[in-house]
Amino acid sequence: MTDKLDLQSPDLVNKNIEKIAALFPNCVTEGENGKTVDFDLLRQELNHDIIEGTKERYRLEWPGKREAIVTANLPTTNTLRPVLEESVDFENTENLYIEGDNLEVLKILQESYLNKVKMIYIDPPYNTGKDFVYKDKFAQGTAEFKDDSGFVDEYKQRLVPNPDTSGRYHSDWLTMMYPRLKLARNLLTDDGVIFISIDDHEVDSMRKICDEIFGKVNFVSCLIWDTNHSAQAGIFKVYHQYILVYSKIIEELKTPKSLNSDDFDAGAMKKESSRHPMQKFLFPKGTRFDAPDGFELSGIWGDTEKVILHEGKMIAENGMLKEDVCLEAAWTQANQMKQFFYGDKESLIDSRGQKINGFYFSSSGKLKINKERGVDTPQTTRKYTTQGAISKKLAELFELENTPLDSPKPIEMIKEFATWFTDSNSIIFDFFSGSATTAHALIQLNAEDGGNRKFIMVQLPEKTDEKSEAYKSGYKTIAEIGKERIRRAGKKIKEEWEAKAPSNSPIGGGKEAGQTNLFDNENRSSSK
């Protein structure tokens with residue numbers, strides 16, 4: 001009679017659910033026995049008509065959600081028209097600036113840029129109750145749309161307020177954002193990442209729809225930007241904004257590389273827990289011990305990070321252990337310790353790929369590890385310059401008294417994000433481009449590190465306030481501000497760099513700074 005084999009057949013159901021989740025993460029939800037497929041939503045993803053479902057589930061719902069899903073899946077009849085007269089070196093430039101409706105542009109880019117964008121940064125409307133430019137009407141034809149709205153621009157966008165007294169205050173905003181984010185996810189590389197600036201008005205809703213579209217498991221972090229600028233909001237002054245970070249596939253996302261390769265020390269012990277159980281380990285004579293000659297520890301020492309001496313004497317001599325000692329503690333690097341002391345220490349790296357130089361004991365008898373810094377672990381609170389300083393720099397670039405666009409984002413912030421998660425040839429996408437801070441930041445970063453990052457900017461030609469300095473200076477739309485900023489920033493950065501090193505101007509990102517192909521988003525069926 002043979003021994004009983006501990007074999008188990010593969011769980012094909014879970015494997016199939018995982019495959020569906022990879023394609024449609026929003027269609028996998030919580031069930032009574034684990035993950036389950038929301039077949040109503042899956043049917044909706046595979047249909048151009050609205051499919052009604054009645055089963056209760058754990059998910060975010062709002063009036064208009066199914067229309068938003070249908071809108072994302074519907075093909076577009078729009079195309080991109082090159083604007084040759086405004087482009088620079090059109091045949092060779094790799095940067096793109098697209099003036100038009102970002103929803104239509106996202107659909108147009110699905111084929112050419114599918115799985116090719118390394119990083120997306122967007123600063124969408126914060127839904128503060130002001131004019132809501134991206135108020136799509138999903139279930140109506142063009143004629144009906146015009147009759148219903150009464151006030152549309154040339155891109156068929158409703159220019160109406162979205163006050164918080166409206167019964168669809170959150171629903172309209174969610175319906176606008178959902179299809180755009182859904183299409184944006186398709187463009188990301190497997191190791192791609194998206195950054196989304198948002199404030200208190202919709203951060204909760206934004207996180208919920210991102211959990212659904214990208215998958216909750218692909219949530220990376222919620223950064224808090226200390227703006228060093230207050231806005232009165234009831235009882236408290238608000239000094240912050242949020243930046244949500246999601247990956248395409250979290251397992252593929254790499255930890256940011258460190259810009260420094262200095263050595264650093266870290267603890268190699270923890271408080272005892274199920275994750276870090278107490279283990280015995282024999283430390284050989286000659287192990288570094290940062291204590292004066294003759295110093296000795298015995299019995300048990302340490303408070304929360306307890307160490308127990310089992311064999312030998314813990315005595316320091318010439319900065320090292322005088323003899324072998326067997327210690328028990330909750331070691332965090334047990335496998336690396338074994339390789340360092342009893343194996344090939346030259347090839348030793350940690351789980352993040354950082355070289356381990358060695359282990360040693362502090363004067364208090366705690367085990368430390370010394371590593372060569374290879375990755376960066378940014379803290380979630382970020383601080384750049386003040387909003388006033390950011391606006392002042394933008395005004396100076398345009399040679400104006402005041403900023404041409406309110407509340408521009410800091411260049412250093414976008415540069416930092418790109419440094420964390422892109423390489424020198426990555427494509428970066430911003431489909432709420434605004435004043436084109438993202439483009440400016442990438443031109444600057446390419447100049448600094450010799451990179452050749454390419455950008456795609458998309459901006460609706462939203463009209464500027466007629467009372468604003470920008471309008472009076474000839475910038476009738478936000479898109480005009482963005483295009484001019486790219487030209488001015490590219491010229492300024494190139495001149496500054498050539499003044500430092502005339503024979504070596506590593507601007508990159510489209511052959512030369514500021515060279516950008518311009519496109520208009522036009523509707524081919526508009527005459528029908």
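In this predicted model, the lining of the second largest pocket draws at least two residues from each of α1 (12-23), β1 (28-31) and α7 (203-214). The greatest contribution to that lining comes from α7, with 5 residues.

**The second largest pocket**

- The volume of the second largest pocket is about 880 Å³.
- The pocket is lined by 31 residues, and those closest to its centre are Pro25, Val28, Asp211, Gly215 and Lys216.
- By class, the lining of the second largest pocket comprises 14 charged, 13 nonpolar and 4 polar residues.

**Helix packing: α10 with α11**

- Two packed helices are described by the angle between their axes and the distance between the axes.
- For helix α10 (residues 411-421) and helix α11 (residues 437-449), the angle is about 60° and the axes lie 8 Å apart.
- Because of this angle, α10 is oblique to α11.
- The crossing that α10 and α11 form is right-handed.
- On the α10 side, the contact involves Ile411, Ile414, Lys415, Ala418 and Thr419. These residues meet Thr437, Thr438, His440, Ala441, Leu442, Gln444, Leu445 and Glu448 of α11.
- The residues of the contact of α10 with α11 are 6 nonpolar, 5 polar and 2 charged.

**Helix packing: α11 with α13**

- Helix α11 also packs with helix α13 (residues 478-500), at an angle of about 15° and with the axes 9 Å apart.
- The two helices are therefore roughly parallel, since angles under 35 degrees fall in that class.
- The crossing of α11 and α13 is right-handed.
- From α11, the residues in this contact are Thr437, Ala439, His440, Ile443, Gln444, Ala447 and Glu448. From α13, they are Arg485, Ile486, Ala489, Gly490, Ile493 and Trp497.
- The contact of α11 with α13 contains 7 nonpolar, 4 polar and 2 charged residues.

**The place of α11**

- Helix α11 packs with α10 and with α13.
- Residues of α11 including Thr437, His440, Gln444 and Glu448 take part in the contact with α10 and in the contact with α13.

Note on methods
Residues are numbered from 1 along each chain as its sequence is written. This is a predicted model: local features need pLDDT of at least 70, side-chain atom pairs count only at pLDDT 80 or more; totals for chains, interfaces and linings use all residues. Side-chain values use heavy atoms; hydrogens and water are left out. Axes are lines fitted to C-alpha atoms, for helices over the stretch in contact, and angles run from 0 to 180 degrees between N-to-C directions. Helices (H or I, at least four residues) and strands (E, at least two) are DSSP runs, numbered from the N terminus. Angles under 35 degrees count as roughly parallel, over 145 as roughly antiparallel, 65 to 115 as roughly perpendicular and the rest as oblique. A crossing is left-handed if the near helix is turned anticlockwise from the far one by less than a right angle, and right-handed if clockwise. Contact means heavy atoms within 4.5 Å. Ala, Val, Leu, Ile, Met, Phe, Trp, Tyr, Cys and Pro count as nonpolar, Asp, Glu, Lys and Arg as charged, and the others, Gly among them, as polar. On a 1 Å grid over the protein atoms alone, a cavity is a set of points where a 1.4 Å probe fits but cannot get out, and a pocket is an open set with protein on both sides within 12 Å along at least five of seven lines; lining residues have an atom within 4 Å of a point. Grid points are joined across faces, edges and corners, and a volume is the space filled by probe spheres set on the points.
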